[in-house]
Amino acid sequence: MSDRSPVISCKNVWKLFGAKPESYLKSMPEGHSFDAIRADGYIAGVKDVSIDVHRGEMLVIMGLSGSGKSTLVRCFSRLHDITGGTIEVEGQDIMSLPEKALIELRRSKMGMVFQSFGLLPHRTVLENVAFPLEMRGADKHTRRERAMEVIKLVGLEGREEYFPRELSGGQQQRVGIARSLAIEPDIWFLDEPFSALDPLIRREMQDEFLRLQEMLNKTIVFITHDFDEALRLADRIAIMKDGAVEQCDTPDQIVLNPATEYVRKFTEDIDKSRVVNAGVLAKADSAGTGEPVDAAASVKALAKLLVQDTRDVIPVQRDGSVIGGMKRADALTVLLEAG
């Protein structure tokens with residue numbers, strides 16, 4: 001998990017598509033709706049978004065097709081110039097950077113992985129992974145050494161001389177991940193990287209991705225439309241609709257306390273008992289007695305204990321220390337709602 005320092009700080013950001021977006025934004029009435037903006041001949045790809053991404057955090061951005069999630073991430077890296085607001089990356093206003101400095105920022109700090117693998121078909125796995133280092137001007141020995149390190153990291157050792165056509169979809173995706181890791185980015189943008197994979201390979205890639213994040217502790221912005229995937233991966237989830245962020249919070253707070261009716265409907269079919277853990281339900285003013293449960297344990301994992309236990313309040317511990325007590329009735333309510 002992250003510390004609290006923002007690596008990306010996004011304040012009141014707009015991205016309008018249309019004839020003269022800057023002039024239109026200046027004259028646009030306050031509170032103008034997405035549909036009203038569209039009626040004026042513009043599309044609000046991003047609508048007045050303020051959000052921070054903290055160091056070491058995995059922020060998952062969700063939304064239906066056309067909600068603005070990919071547009072927002074492209075604004076973070078200035079692949080799209082914004083129409084209004086500010087975006088700072090490690091304290092630098094990226095809209096003020098000249099082209100050369102912007103390219104250097106992307107090359108030195110940012111890695112990107114997209115749904116389409118974008119592998120070079122005439123190059124081997126090793127050559128594909130080494131390609132961004134070649135673009136940086138690294139010598140052949142350095143390129144090979146670093147490429148071999150990340151190929152091993154993503155579990156493709158022994159396949160470095162294969163061509164993309166000789167790999168499965170999951171293996172091709174691993175090459176894409178390795179290629180983005182080769183430049184050792186501090187910030188990692190992933191736009192639905194696993195959505196083209198079948199469910200079994202997708203699950204394996206999620207596991208692999210979590211393993212890599214545990215080792216590397218990158219700052220990650222991950223786009224998906226799959227709520228189950230978001231729940232597995234996210235420190236926080238931002239849910240977007242019509243270019244705006246409806247809610248940005250931890251997974252448990254998203255499902256327990258939806259901020260808007262849209263978020264409530266978006267999450268209503270989620271099994272809350274898989275998401276809510278004992279630490280979320282623990283109250284510091286009432287520790288309870290007896291054997292404690294771990295704060296990270298989900299209500300679903302504690303189901304048998306909750307049904308059989310007779311205590312009104314069950315102690316909850318984190319790292320060996322009791323942090324409070326969980327009311328058994330509260331946990332059973334979450335469990336019964338899931339049922």
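Author: Contact here means heavy atoms within 4.5 Å. The model is a predicted one, in which local features need pLDDT of at least 70 and side-chain atom pairs count only at pLDDT 80 or more, while totals for chains, interfaces and linings use all residues. Residues are numbered from 1 along each chain as its sequence is written, and side-chain values use heavy atoms, with hydrogens and water left out. Helices (H or I, at least four residues) and strands (E, at least two) are DSSP runs, numbered from the N terminus.

The part to look at is an open sheet of 6 strands, which follow one another in the order E6-E7-E8-E3-E9-E10 with mixed pairing (two strands pair if DSSP finds at least two bridges between them). Strand E6 (110-114) and E10 are the edge strands, each having a single partner, so one side of each is left without a neighbour in the sheet. From one strand to the next, the twist averages 15 degrees.

Within this order, strand E3 (residues 58-62) runs parallel to strand E8 (residues 219-224), the two being joined over 5 bridges, and Met-58 has Ile-220 of E8 as its bridge partner. Strand E9 (residues 236-241) and strand E10 (residues 244-249), by contrast, run antiparallel and are also linked by 5 bridges, with Lys-241 standing opposite Ala-244 in E10.

Turning to the helices, helix H4 (residues 99-109) lies across E6 and strand E7 (187-191), and its direction makes about 75 degrees with E6 (angles run from 0 to 180 degrees between N-to-C directions, along axes fitted to C-alpha atoms, for helices over the stretch in contact). H7 also lies across E6 and E7, but runs at about 165 degrees to E6.

Helix H7 (residues 169-181) packs in turn with helix H8 (residues 199-216), at an angle of about 20 degrees and with the axes 10 Å apart. H7 and H8 are therefore roughly parallel to each other (under 35 degrees; over 145 is roughly antiparallel, 65 to 115 roughly perpendicular and the rest oblique). On the H7 side, the residues that meet H8 are Gly-170, Gln-173, Arg-174, Ile-177 and Leu-181, and their counterparts in H8 are Ile-201, Met-205, Glu-208, Leu-212 and Leu-216. The residues of this contact divide into 6 nonpolar, 2 polar and 2 charged (Ala, Val, Leu, Ile, Met, Phe, Trp, Tyr, Cys and Pro count as nonpolar, Asp, Glu, Lys and Arg as charged, and the others, Gly among them, as polar).
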